[in-house]
Amino acid sequence: MPTAAELLTRIHALANPERATSVARFFKTGPGQYSEGDQFLGLTMPQQRALAREYRHLPMPEAEQLVQNPWHECRAVGLIIWTLQYPKAGPAGRQAIYEAYLANRRFVNNWDLVDVTCTHILGAHLLKQDRTPLYDLAAEPCLWSQRMAVVSTLAFIRKGQFADTLALAELLMPHTHDLIHKAVGWMLREVGKRNEDALEEFLADNARQMPRTMLRYAIERLEPAKRRLYMQK
């Protein structure tokens, strides 16, 4: 039976201190930055995904040890394992992973950890359920919970369901952080890829109030003339 200790040894063996230094700068780990104090080993995402696939049968409590680890890549591997386990688990197993993800959300504390995992667990779990938990996350005073709320709706968008994305976009529109502006704009762009009319109806009501970064992301796939018109607004 695979163990967390064994996997942690494998992860640390791939550490790349030089890359870790540059990655730490990229993810804003300095004083006062959004990821202050986070620690990186320097693994690439392909390395992390490969280890997660190899250890996809790691028992859930063992994976949780990785999710709670102080090293960023260890948390990432543990979370990716949960995303691999979720679709193959039965109803009770999926509920357990969903609940564990929410219970450990303070460890899902950077945009890459959120973006790689929340759609496959939170979004997938709430596809056929009440979506109030996403609005609860959006209301939390935590940047990462708020980003989870809107990025999780990608699971709905892929099924042609846009209402929650648009509602959360309105709720988060006054947010001051560009990581939320980018996430909301990204999800609006995804809506537009599938239904341009739905996106333009939202923009007709909200483009003037949207932060510029959010708007720029949202209209990225529209034809140039339309993009210019919206940016002029």
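Biologist: Where is phenylalanine 202 found?
Modeller: This is a predicted model, and in it phenylalanine 202 is found in helix H13.

Biologist: Buried or exposed, that phenylalanine 202?
Modeller: Buried: phenylalanine 202 has a relative accessibility of 6%.

Biologist: What does phenylalanine 202 touch, if you skip residues up to four places away in sequence?
Modeller: Phenylalanine 202 touches Leu166, Ala169, Glu170, Met173, Leu188, Ala207 and Met210.

Biologist: OK, helices. At what angle do H12 and H13 pack?
Modeller: About 135°, and the axes of H12 and helix H13 (residues 196–206) are 5 Å apart. H12 and H13 are therefore oblique to each other.

Biologist: Which residues make that contact between H12 and H13?
Modeller: From H12 you have Leu188, Val191, Gly192 and Arg194, and from H13 there are Glu196, Ala198, Leu199 and Phe202. By class, the contact of H12 with H13 has 5 nonpolar, 1 polar and 2 charged residues.

Biologist: And H9 with H12, what's the angle there?
Modeller: About 5° between helix H9 (residues 143–151) and helix H12 (residues 178–194), with the axes 9 Å apart. That makes H9 and H12 roughly parallel to each other.

Biologist: Who's making the contact between H9 and H12?
Modeller: On H9, the residues are Leu143, Trp144, Gln146, Arg147, Val150 and Val151. On H12, they are Leu179, Ile180, Ala183, Val184, Trp186 and Met187. Sorted by class, the contact of H9 with H12 has 10 nonpolar, 1 polar and 1 charged residues.

Biologist: Glutamine 146, is that one buried or exposed?
Modeller: Buried, as the relative accessibility of glutamine 146 is 10%. Glutamine 146 has its place in helix H9.

Biologist: What is glutamine 146 in contact with, leaving aside neighbours within four places in sequence?
Modeller: Glutamine 146 is in contact with Leu137, Ala138, Glu140, Pro141, Leu172, His175 and Ile180.

Biologist: Switching to aromatics. How many aromatic pairs does a search of the whole structure find?
Modeller: The search finds 5 aromatic pairs. For phenylalanine 26 and phenylalanine 27, the ring centres are 5.1 Å apart and the planes are at 85°, so that pair is edge-to-face. Phenylalanine 27 is buried, at a relative accessible area of 10%.

Biologist: What about tyrosine 34 and tryptophan 144, how is that pair arranged?
Modeller: Tyrosine 34 and tryptophan 144 are edge-to-face too, 5.8 Å centre to centre and with 75° between the planes. Tyrosine 34 lies in the loop between helix H2 (17–26) and helix H3 (45–54), while tryptophan 144 lies in helix H9, so the pair ties together parts that are 110 residues apart in sequence.

Biologist: Are those two buried or partly exposed?
Modeller: One of each. Tyrosine 34 is partly exposed, with a relative accessible area of 23%, whereas tryptophan 144 is buried, at 8%.

Biologist: Which residues form an aromatic cluster?
Modeller: Phe26, Phe27, Phe40 and Trp111 form one aromatic cluster.

Biologist: And what lies over the face of phenylalanine 156?
Modeller: Arginine 131 does, at 3.7 Å from the ring centre of phenylalanine 156.

Biologist: Backbone next. What's phi for lysine 28?
Modeller: Near 55°, which is a positive value in a residue other than glycine. Most residues other than glycine have a negative phi. Lysine 28 has its place in the loop between H2 and H3, and counts as partly exposed at 36% relative accessibility.

Biologist: Now isoleucine 80, where is that found?
Modeller: Isoleucine 80 is found in helix H5 (residues 72–85). Isoleucine 80 counts as buried, at 3% relative accessibility.

Biologist: What is isoleucine 80 in contact with, leaving aside neighbours within four places in sequence?
Modeller: Met45, Arg49, Ala52, Val116 and Thr117 are in contact with isoleucine 80. Isoleucine 80 and alanine 52 are 28 residues apart in sequence, yet 6.1 Å apart in space, C-alpha to C-alpha.

Biologist: Last one: how far is methionine 1 from glutamate 54?
Modeller: Their C-alpha atoms are separated by 12 Å, with methionine 1 and glutamate 54 being 53 residues apart along the chain. Glutamate 54 is found in helix H3 and counts as partly exposed, at 47% relative accessibility.

Notes: Residues are numbered from 1 along each chain as its sequence is written. This is a predicted model: local features need pLDDT of at least 70, side-chain atom pairs count only at pLDDT 80 or more; totals for chains, interfaces and linings use all residues. Side-chain values use heavy atoms; hydrogens and water are left out. Axes are lines fitted to C-alpha atoms, for helices over the stretch in contact, and angles run from 0 to 180 degrees between N-to-C directions. Helices (H or I, at least four residues) and strands (E, at least two) are DSSP runs, numbered from the N terminus. Angles under 35 degrees count as roughly parallel, over 145 as roughly antiparallel, 65 to 115 as roughly perpendicular and the rest as oblique. Contact means heavy atoms within 4.5 Å. Ala, Val, Leu, Ile, Met, Phe, Trp, Tyr, Cys and Pro count as nonpolar, Asp, Glu, Lys and Arg as charged, and the others, Gly among them, as polar. Rings of Phe, Tyr and Trp (its six-membered ring) pair if their centres lie within 6.5 Å; planes under 30 degrees apart count as stacked, over 60 as edge-to-face and the rest as tilted. Buried means under 20% relative accessible area, exposed over 50%, partly exposed in between (1.4 Å probe, protein chains only). A charge sits over a ring if NZ of Lys or CZ of Arg is within 6 Å of the ring centre and within 35 degrees of the ring normal.
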